[in-house]
Amino acid sequence: MIKTNKRHVIPLTEPALHILQQWREKREGCRYVFNLVKETLDLDDAEALYKARNNATKCINQSLAVVGEQIGLPFSLSMHAARHSFAVFALNKGLSMSVVSRLLGHSSTDITEKVYARFLPETLSAEVAKLSSELINLTI
C-alpha cells in the first residue's frame with residue numbers, strides 16, 4: 001500500500017489463519033497481531049498510517065535482528081528478508097511470476113522478474129547447463 005497507494009487483499013492459507021486465530025484468542029479485543037499500532041489508528045489517514053507502519057516495522061526488525069543473532073544466522077533477519085524469502089519460496093513452489101507480483105504488491109511483473117527471476121529453478125538449471133557444455137568443450 002505504501003508504494004502504490006492501493007490496498008491489497010492477500011488470501012491466507014488455513015495454517016496462517018489458524019495461527020492468526022490463536023493470536024486473536026490470546027489478545028482478545030486487539031485490532032492488530034502485534035501490539036505496535038494504536039487501536040484508534042485511522043487507516044484512511046495516509047500520514048498517520050505511514051508513521052505507524054514505519055515505527056512498527058522498525059520495532060519488529062529490531063526484535064528479528066536479535067533473534068537472528070541468537071540463532072546464528074549469517075545475515076540480518078528482517079521483515080524485508082522475510083518478504084524476499086517468501087517470494088523465492090513461492091516461485092520455487094510453482095506460483096506464477098504474475099501471482100507473486102500481485103502478492104508482493106508490485107505495480108508490474110517486470111519488477112518482480114527483475115528481482116526474482118534468477119532464483120527460479122529452471123533459470124538456475126539453464127545457467128548450469130551452459131557451464132556444463134562449456135566444460136565438456138574444454139576437456140575434449
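These legends describe an overall view and two close-ups of a predicted model. Residues are numbered from 1 along each chain as its sequence is written, and side-chain values use heavy atoms, without hydrogens and water. Because the model is predicted, local features need pLDDT of at least 70 and side-chain atom pairs count only at pLDDT 80 or more, while totals for chains, interfaces and linings use all residues.

View 1. From the N terminus on, the elements run α-α-α-α-α-α. Helices (H or I, at least four residues) and strands (E, at least two) are DSSP runs, numbered from the N terminus. Of the 140 residues, 16% count as buried. The chain exposes about 11,000 Å², and carbon and sulfur atoms supply 59% of that area (Shrake-Rupley method, 1.4 Å probe; for residues, only the protein chains shown count as cover).

**View 2. T112 lies in helix α5, residues 109-116.** T112 counts as buried because its relative accessibility is 0%; buried means under 20% relative accessible area, exposed over 50%, and partly exposed in between (1.4 Å probe, protein chains only). Leaving out residues up to four places away in sequence, T112 touches M97, V100, S101, L104, H106 and A117. A contact means heavy atoms within 4.5 Å.

**View 3. I10, L12, L17 and L20 form a nonpolar patch on the surface.** Together, these four residues have about 310 Å² of accessible area. L17 belongs to helix α1, residues 14-26, and is partly exposed, with a relative accessible area of 39%. Patch residues have over 30% relative accessible area and no salt bridge; like charges are joined within 9 Å, and nonpolar side chains (Val, Leu, Ile, Met, Phe, Trp, Tyr) within 5 Å. A salt bridge is a side-chain nitrogen of Lys or Arg within 4 Å of a carboxyl oxygen of Asp or Glu.
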